[in-house]
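Work through the exercises below with the model open beside the text, and try each task before reading its solution.

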Amino acid sequence: MNSEQMQKEIRDANVTYLMLAQNLIRADKAEAQFRLGVSEESADIIVSLSPVQILKIASGNMLLCRFRVDDDVVWNLLTNHAPSKVDNDATAKLHASILMAGRFSEAV
(Lines give C-alpha, C1' and ligand atoms only; values in the text may rest on other atoms or scores of the structure.)
Protein backbone atom coordinates (compact mmCIF):
# COMPACT_ATOMS: atom_id res chain seq x y z
CA MET A 1 0.00 0.00 0.00
CA ASN A 2 1.53 3.29 -1.06
CA SER A 3 1.29 6.57 0.81
CA GLU A 4 -1.44 8.02 -1.39
CA GLN A 5 -3.62 4.95 -0.99
CA MET A 6 -3.07 4.96 2.79
CA GLN A 7 -4.10 8.63 2.94
CA LYS A 8 -7.31 7.81 1.03
CA GLU A 9 -8.07 4.92 3.40
CA ILE A 10 -7.57 7.20 6.43
CA ARG A 11 -9.83 9.87 4.91
CA ASP A 12 -12.54 7.31 4.16
CA ALA A 13 -12.34 5.89 7.67
CA ASN A 14 -12.50 9.38 9.19
CA VAL A 15 -15.54 10.38 7.11
CA THR A 16 -17.32 7.15 8.00
CA TYR A 17 -16.46 7.54 11.69
CA LEU A 18 -17.63 11.14 11.88
CA MET A 19 -20.88 10.39 10.06
CA LEU A 20 -21.54 7.41 12.32
CA ALA A 21 -20.71 9.51 15.38
CA GLN A 22 -23.17 12.21 14.30
CA ASN A 23 -25.93 9.64 13.75
CA LEU A 24 -25.29 8.02 17.13
CA ILE A 25 -25.27 11.37 18.93
CA ARG A 26 -28.48 12.49 17.26
CA ALA A 27 -30.21 9.22 18.15
CA ASP A 28 -29.12 9.08 21.82
CA LYS A 29 -26.46 11.47 23.06
CA ALA A 30 -25.69 9.71 26.36
CA GLU A 31 -25.38 6.30 24.73
CA ALA A 32 -23.27 7.77 21.94
CA GLN A 33 -20.88 9.34 24.44
CA PHE A 34 -20.45 5.94 26.05
CA ARG A 35 -20.05 4.02 22.78
CA LEU A 36 -17.67 6.56 21.26
CA GLY A 37 -15.79 7.33 24.46
CA VAL A 38 -16.17 11.09 24.06
CA SER A 39 -17.11 13.89 26.43
CA GLU A 40 -20.33 15.86 26.22
CA GLU A 41 -18.40 18.82 24.81
CA SER A 42 -16.84 16.68 22.07
CA ALA A 43 -20.25 15.19 21.25
CA ASP A 44 -21.69 18.69 20.88
CA ILE A 45 -18.89 19.68 18.51
CA ILE A 46 -19.16 16.50 16.43
CA VAL A 47 -22.92 16.74 16.02
CA SER A 48 -22.67 20.37 14.90
CA LEU A 49 -20.17 19.70 12.10
CA SER A 50 -21.33 20.50 8.57
CA PRO A 51 -20.58 18.10 5.71
CA VAL A 52 -17.89 20.48 4.46
CA GLN A 53 -16.27 20.57 7.91
CA ILE A 54 -16.38 16.76 8.12
CA LEU A 55 -14.60 16.43 4.78
CA LYS A 56 -11.99 19.01 5.76
CA ILE A 57 -11.30 17.40 9.15
CA ALA A 58 -11.31 13.89 7.68
CA SER A 59 -8.71 14.81 5.06
CA GLY A 60 -5.91 15.09 7.58
CA ASN A 61 -3.26 12.38 7.82
CA MET A 62 -4.30 11.27 11.30
CA LEU A 63 -6.92 8.64 12.08
CA LEU A 64 -9.59 10.27 14.27
CA CYS A 65 -10.88 7.13 15.93
CA ARG A 66 -8.72 4.85 18.01
CA PHE A 67 -8.88 1.45 19.62
CA ARG A 68 -10.18 1.80 23.14
CA VAL A 69 -9.18 -1.74 23.94
CA ASP A 70 -5.61 -1.55 25.13
CA ASP A 71 -5.81 -4.31 27.68
CA ASP A 72 -4.74 -7.92 27.11
CA VAL A 73 -7.55 -9.20 29.33
CA VAL A 74 -10.22 -7.52 27.20
CA TRP A 75 -8.60 -8.61 23.92
CA ASN A 76 -8.38 -12.18 25.18
CA LEU A 77 -12.04 -12.13 26.18
CA LEU A 78 -13.10 -10.70 22.81
CA THR A 79 -11.04 -13.16 20.81
CA ASN A 80 -11.60 -16.18 23.08
CA HIS A 81 -7.86 -16.62 23.60
CA ALA A 82 -8.06 -16.56 27.37
CA PRO A 83 -8.79 -19.77 29.19
CA SER A 84 -12.24 -19.26 30.61
CA LYS A 85 -14.25 -20.97 33.30
CA VAL A 86 -17.30 -20.29 31.15
CA ASP A 87 -17.42 -21.65 27.61
CA ASN A 88 -20.10 -19.19 26.58
CA ASP A 89 -19.00 -16.68 23.94
CA ALA A 90 -21.77 -14.23 24.87
CA THR A 91 -20.67 -14.27 28.52
CA ALA A 92 -17.06 -13.53 27.56
CA LYS A 93 -18.13 -10.60 25.35
CA LEU A 94 -20.39 -9.29 28.12
CA HIS A 95 -17.49 -9.47 30.57
CA ALA A 96 -15.29 -7.55 28.10
CA SER A 97 -18.01 -4.91 27.68
CA ILE A 98 -18.29 -4.50 31.44
CA LEU A 99 -14.53 -4.05 31.76
CA MET A 100 -14.49 -1.46 28.96
CA ALA A 101 -17.48 0.39 30.45
CA GLY A 102 -15.70 0.61 33.77
CA ARG A 103 -12.66 2.08 32.11
CA PHE A 104 -14.81 4.62 30.26
CA SER A 105 -16.44 5.79 33.51
CA GLU A 106 -13.01 6.12 35.13
CA ALA A 107 -11.79 8.27 32.22
CA VAL A 108 -14.75 10.65 32.35
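## Exercises on the chain and two of its residues

Of the 108 residues in the protein chain, 22% are buried, where buried means under 20% relative accessible area, exposed means over 50%, and partly exposed lies in between (1.4 Å probe, protein chains only). The model is a predicted one, in which local features need pLDDT of at least 70 and side-chain atom pairs count only at pLDDT 80 or more, while totals for chains, interfaces and linings use all residues. Residues are numbered from 1 along each chain as its sequence is written, and side-chain values use heavy atoms, with hydrogens and water left out.

**Exercise 1.** Describe the secondary structure of the protein chain.

Begin with the inventory, which holds 6 helices and 0 strands, both taken as DSSP runs numbered from the N terminus (helices H or I, at least four residues; strands E, at least two). Then read along the sequence, where the pattern is α-α-α-α-α-α.

**Exercise 2.** Is Gln 22 buried or exposed, and which residues does Gln 22 contact beyond its neighbours within four places in sequence?

First locate Gln 22 in helix H1, which covers residues 3-27. Next take its relative accessible area of 7%, and therefore class Gln 22 as buried. Finally list its contacts (heavy atoms within 4.5 Å): with those neighbours left aside, Gln 22 touches Ile 46, Val 47, Leu 49 and Ile 54.

**Exercise 3.** Classify Leu 20 by its accessibility.

Leu 20 also lies in helix H1. Its relative accessibility is 46%, so Leu 20 counts as partly exposed.
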